[in-house]
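Open the model in your viewer and keep the selection panel at hand.

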Amino acid sequence: MNNKIITIGYGKVKKVKVGHQLPLVFFGGPCAIESKDHAFFMADAVGEICEKLNVPWVYKSCYDKDCRSAPDSFHGTGLESGLQILADVRDEFGVPVVSGFSVASRAKATGEVCDMVQVPAYLCRQTSILRAAAETDRPVHLKKGQFMSPWNMKNSVRKLEAHGCEQIILADRGTFLGYGALVNDMTSFPIMQKTGYPVCFDATHSIQLPTSMGNISGGQREFIPYLVRAAIGCGINALFMEVHDNPKAALSDANTVLDLQYMENVLHQAKIMHETRLELLDKFGEDNVHPE
Amino acid sequence: MSILNKRLDVGEVMLDLSRFPIVTKTTILKEALEKMDTFRLGVACITGNDGQLLGIITDGDVRRKLLHIQKPLTAFFIDDVINQAINNPITISSNMSLIDAVGLMEERRVWDLPVVDNDKLIGLLHLHPAVKALLEG
């Protein structure tokens, strides 16, 4: 297996490398861009924690949330103002940024500002979306659909590769268990790593209870630290968590975002466990138990 | 008196590169099997960028894998073919005598032998045309 290293960041922002035997990388921020002031507040607060813990990170926030359950749910700030805020975050804090896009025609503009583009889980096998993502020439954060097996993500990877993209990070955000719950299959990480690309664990969406509140999704945030520790043990290369200073007032994913006050505790443990895992890797080598 | 044509070499009888399945190491197993089916041959050769032989996969390899793999069939199909292949197959050269090559097939109980000259795959010796050529001699 040829383990690929993905570099996130262009221009003057700090370059972040994700991959095999590298330090854990954090992708985080509020689910949706709410305002410039809030984005700056969150970038400052998250950045401060990451700096304190010496964890390389990428600011994540979306200008458009196209998968909300209710027709009147907050949909986002819109393309132009959202991307302007992300551009301002890059300039002000020197941190790379990532945003998802849900319409192929918006990929180009997203990639012109963002250091990485994100393909939403529900759209992870849509050819037009994947082609548009690849054509941005930015690294692509591709989330495994809740309906997809981890091995089937290779088909989506092949679509990206077919359009020239070889900078991919694969994420797990849970798999449907019946109608109202998600589970995490921790074998998804080594299976997706077989593609050669690094993998990420999306902890805050994994505890989601899809549309459990009738017209919005619920979530069991108390399980975030448990799942984070499990995923780190399974060898993830990056950790994704949406964080908010006031989850109750969050305009998107209010029931799943991690309260900022807990972030340092969770991320610190994740960093220590990741470093321990790298030490184990160094001491015992790669797992080679009952190879095929 | 023998009825066999002992003067023939492998190069005179082998299938050229257009007549048998050749795939790359990142071809998925499913696509390799489809290609084998199209050519109606039980073997596919895996080559690198310079035409070097990286491995082969045969009907028998797949059969043996099916008997012991524990992962879902869909995960098996989507694997890179190289991960399921024989990475050090027996090969022959084009100037080997045909009768010796068929003898090698009998000894190793195989129906196909990749033909490699100067580290490059140049053909495939398949049992049926080999026997036919020997008898027609």
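A crossing of two helices is called left-handed if the near helix is turned anticlockwise from the far one by less than a right angle, and right-handed if clockwise. Keep in mind on every stop that this is a predicted model.

Select residues 98-108 and 127-136 of chain B, which are helices H5(B) and H6(B). Angles over 145 degrees would count as roughly antiparallel and 65 to 115 as roughly perpendicular, so H5(B) is oblique to H6(B). The crossing of H5(B) and H6(B) is left-handed.

Now show side chains at this contact. H5(B) contributes Leu98(B), Ile99(B), Ala101(B), Val102(B) and Met105(B); from H6(B) come Leu127(B), Ala130(B), Val131(B), Ala133(B) and Leu134(B). The contact holds 10 nonpolar residues, no polar and no charged.

Next, go to the sheet of chain B. It is open, with 3 strands in the order S1-S2-S3 and mixed pairing. Select 22-23 for S1(B) and 53-58 for S3(B): these strands stand at the edges, each with a single partner, so one side of each has no neighbour in the sheet. Within S3(B), Ile56(B) stands opposite Cys45(B).

Then select residues 29-39 of chain B, helix H2(B), which packs on the sheet and touches S1, S2 and S3 of chain B. The direction of H2(B) makes about 125° with that of S2(B).

Last, display both chains. Here 6 residues of chain A are in contact with 4 residues of chain B. On the chain A side, these are 1 nonpolar, 3 polar and 2 charged.

Terms used: Residues numbered from 1 in each chain as written. Chains lettered and ligands numbered in written order. Predicted model: local features only at pLDDT ≥ 70, side-chain atom pairs only at ≥ 80, totals over all residues. Contact = placed C-beta atoms within 7 Å. Nonpolar A, V, L, I, M, F, W, Y, C, P; charged D, E, K, R; others polar. Axes fitted to C-alpha atoms, helices over the stretch in contact; angles between N-to-C directions. Helix = DSSP H or I, 4+ residues; strand = E, 2+ residues; numbered from the N terminus. Parallel < 35°, antiparallel > 145°, perpendicular 65-115°, else oblique. Pairing = 2+ DSSP bridges.
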